[in-house]
Amino acid sequence: MIVDLAHHLYLLIAVLGLALPVSYGGQPVLCQGAFLAVGSFGVVHLERAGLPLAAAAFASAVFAAFAGYLVGLLTARLRGAAVALSTWAFAWLVYALLRAFPALSGGSQGLVRPSPARLHSQIFDVTITLTPLVHVAVAGSVCLLSLAAVARLNRGPAGLDWAALREAPALATSLGVPVLHRRAALFATAAAIAAVSGAGITVLLGVAAPSDVSPLLSLQLFVAVLIGGVARLWGPVLGLLVIAVIPPLADALASTVGLPSERSGGVLTALALVAVPFLRGPIERLAGRWPERAERPREPAELSGESARAASREGVMLAAQGLDVAIGETHILTGVDLEVRAGEVHALIGPNGSGKTTALRALAGALQPTGGRILVEGTDVTGAGQLDMVRRGVTRTFQHTVGLERLCPYRQVLLGVRGGTPVPFAAVRHLLGSVSVRDHAAAADREAWRALRLTELAERAFDRPRELGAGEQRLLQVARAVATGARVLLLDEPAVGMTGPERATLSRVLRRLAEGGTAILLVEHDLALVHGVADRITVLERGRVLAGGSPESVAADPAVRRVYLGDVDLSSASG
Amino acid sequence: MSGGVALQAFLSGLALGAAYGLIAMGFSLVYRLTRVIAFAHGDLVIGGVFIGVLMVLGSTPVAAALDVAPSVGLAVLVIAAGAALSAGVYLIAVRPFLPAAGHQSNRGDVLGWVAGGLAAGLLVREVLGLVLTQDAYAVPDPLRLGRLTPSGVLQLPGGGTVAVRALGVIGIGLAVGILVERLLVVTRTGTAMKAVSEDPTAAALLGLPVRRLVLIAFVVAGALGGLAGLLISPDRSLGVDDGVILGLKAIAAALLGGLGSVRGALAGGLALGVIESFIVASSVLGPRYADVVPLAILLIVLALGRQGLRLRLREDPE
Amino acid sequence: MALLEVRGLCAGYGAVPALDDVSFHVERGEIVALLGGNGAGKTTVARSVSGLHRASSGKVLFYGRDITRCGPQRIVQLGLSHVSDGRRVFPSLTVEENLDLGAYLDGRRKNVVAERREGVYRTFPRLAERRTQHAGSLSGGEQQMLVIGRGLMSEPSLLVLDEPSAGLAPTSIAALGESIAAIRAGGTAVVLIEQHLQVALQLADRLVVLQEGHVILSGRTAEVAADPRIGQMYFGDRNPLKT
């Protein structure tokens, strides 16, 4: 009875670990059982090699973390369903290895743990006999500790990253969050925790057998995490009930109907798995009644040095020289030259399919050019990735509104601040409550409010994103990009979906940003807006620069009028 | 490895690969139309075989030669059971989670159909396991491919031998595979399926019966799986739990051939079969690597391989 | 009896409402343009009419028959064809295969399909030149012709065109306008969803203006175009018709 309780608590540790990549990171991971196996068999083998129990468990956890980081990196680029597929395949690969190599796993009998269940500390000269009750205490306290740690992390910078990771990974990258490494880190943490859980179970039961860490266990742990819904602390606890209830229920079912019990456990898991997607909606609605707790820092008074980041007014901040981009065989851009200067709004216009968005993506590092050079303040950065470009002060927005529905504008903007000026080990330092982190937090708060004020969103800082109008959502995109501390903003059709007055606001915001020294590259269809706000216009046509210069000279250029504008007057045309 | 042994490994690899190819074709077809990864596909193959066996031979089958009537019955039943299981999995576990045609913004409830497919596969394994309690069974060959020559084996130049059955499997597998691939190109239904795979919304707006076409794809995939099961099962002892790894190997084959390409899936299957056969025949690796290497190939191809641009599994978070 | 009648249509995506009490009608052989900024609900109207989106309340009548709950297949059969935005050709199929799929429901009668195809080629001669080319290799303007031609293959009495001019060069837009006029001359009514004001003003008999899911204006083209609210919606404070 107590053994069962301890066993379930150990499994709960694995569930809590798995909740990190699944509930918080948004990736369906189906190989937690495999990492449990690393802990189980690792402990036995290392103890046989002469390591003390604690060291053996620690070493297995470290090894599992490395393995988890590797698998996490391999799967980090995949879509959700493909993550499920590859982790499922990994679970079976580990299981196949265990079955194919009895030397590793002890065959179907498993490996018996040699040493007695005792912990001896030479430093304190204490010996603890690991009775089932001690196991319950150990497993229970590890559970509580992990719950508390996850809760604390989720309130801090890590929580912001996680929300971005699971809801809008592309947006997260554009704001400077290293998505792939964050995903892999969550994976590694989950794996290490699983290894601890596996080690605990092996010590508790005295044996490690392949059938105990089969892919079925991975599925059960996954179900347990899912039952609780998304990113809710008490979710995994609810999941434990599932784990604890399935085996006795299966036994009862087996004895009444006369079926083999190991099979009926599988049937019940399958039923739970089917039930989860159906139950998720209602459970989340139930959970939604308790709104997420969010601190509401007060808006600080205006500071005098707000535009301290202003760069020199004259310099060319971002330049493309002879930029070529091809996707497959298709040439999208050919020899595009472009200069974006500090304090200037530079509009990039052209018919659909002329390569405006492609140019913007190439400049943001999201697409590797096939030829030509990209310079940031005179430094050649050709080939730099998106994260690198954000760090260098070049941030872009998306054509479509990409939202983070659960985060209020203030927190969304804060995400941009954190991405633009990353604090090393921010999550760990927040967890440990280090003092320096508080200074960083105060600085980030100031930066967030600066971005909100510049985009006239300060009054909506704590509203729900879905309560914002279409135009405000677009402005929020700009605000997030501004918050990264960008000195060059690459804006992809920010006016889409805006009403007339909202466009006026956008023009005002863009002028204000430019006056603060920011260089802005604006891809836009609305020529009335472009005419009102741009200092310089470049016209693209079929991937080549057709014309460039002041709005007046471009409007007067006969080639531009013929190809793009038709006979419609620039100052009043809708494009 | 001598030349004769290599030739022998190559031919039995092609036979194994023809079966993998048929399963992979079904997987690719379904993926192309719905972007659904059929997690239960391998279990359907094994499920189809054992449902046929249960209905014809009962729960304690022996691999004795069958009369003509039970042979035909078994063959038809296995293929029909594969098709029926596949259709059932689609209707119960997949379709509820797919986006309605034309719902542009969402890709449906991905977690829903992933969980549904995994659960369906698990159910097939466990429910069959309730009745078929041994670890593995020997399944008779209703197609009687081994009896094409009196001895059942052919001498190969260089000293090896190959079962005549393997040659029959290669013949049937390739013939059916190529036939289905051609049908998908030349028929109106095939063209309509191509349209659905490229743009389901546009297809629905033209009045194409999208859901029926998807159901047809699942049925064809299930029937191909059932046939593959018939081809593959008499050569080995088969357990109800073997479906998952079989399914994962078929997915590896589909990926090797370029995901979404039905023709490529058949080729990928043949390649994987030959690879596996050489692993088993090799003195360095041996049979214990027969599952390990294909699974590792699957992981590597998933993580590092190039997929077609439109049908990609990757989503570079840019 | 109107050809199409939309009565008090309400629709939304999840909890977000997209349409609120939208009503308008289309007579036989008439061109009605739906105008409005992005997010005004134009496309949602089209999707609700063609059965892609379920209205939460209200009715859609076609030939006086309630089609609110019908699926797209049934609605195509009844003679309503929706050409969605974004020039959604099937890129790996040839022009001819693309067109034939437009007549899928009548596809067993080969000569009927061939006849209709020739009809489309008469309207869009450029497509005839490229009949064996893959649709993905066509230019933007040609792809737009192809999707409209594909929509005509079911011989609809009402064609819903969603943003056909989006992203086309001015010369292509002019050609497109002529084609739409020709389609109407052939007896097919058209619901034209447009952001490009000039096109709508030139072609439409009547205008329906949407803003944030409401109909704010509707009536004969000349009357609506004179309303100052149009200019405001599109240009902030400038009225394009005065320039």
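At roughly what angle do the axes of helix 1 of chain B and helix 10 of chain B cross? The model is predicted, so local features need pLDDT of at least 70 and side-chain atom pairs pLDDT 80 or more, while totals for chains, interfaces and linings use all residues. Residues are numbered from 1 along each chain as its sequence is written, and chains are lettered from A and ligands numbered from 1 in the order in which they are written.

The axes of helix 1 (residues 3–34) and helix 10 (residues 262–281) of chain B cross at roughly 145° and come within 5 Å. Axes are lines fitted to C-alpha atoms, for helices over the stretch in contact, with angles from 0 to 180 degrees between N-to-C directions. The residues of this contact of helix 1 with helix 10 of chain B comprise 20 nonpolar, nine polar and one charged. Ala, Val, Leu, Ile, Met, Phe, Trp, Tyr, Cys and Pro count as nonpolar, Asp, Glu, Lys and Arg as charged, and the others, Gly among them, as polar.

Chain B has 11 helices and four strands, which are DSSP runs (H or I, at least four residues; E, at least two) numbered from the N terminus. Its C-alpha trace spans about 60 × 40 × 35 Å along the principal axes of chain B.

| Side | Residues in the contact |
|---|---|
| Chain B | 16 residues |
| Chain C | 22 residues |

Residues are in contact if their C-beta atoms, placed from the backbone, lie within 7 Å. Helix 6 of chain B supplies six residues, the largest share of the side of chain B that touches chain C. That side of chain B divides into eight nonpolar, four polar and four charged residues.

Conventions:
Contact = placed C-beta atoms within 7 Å.
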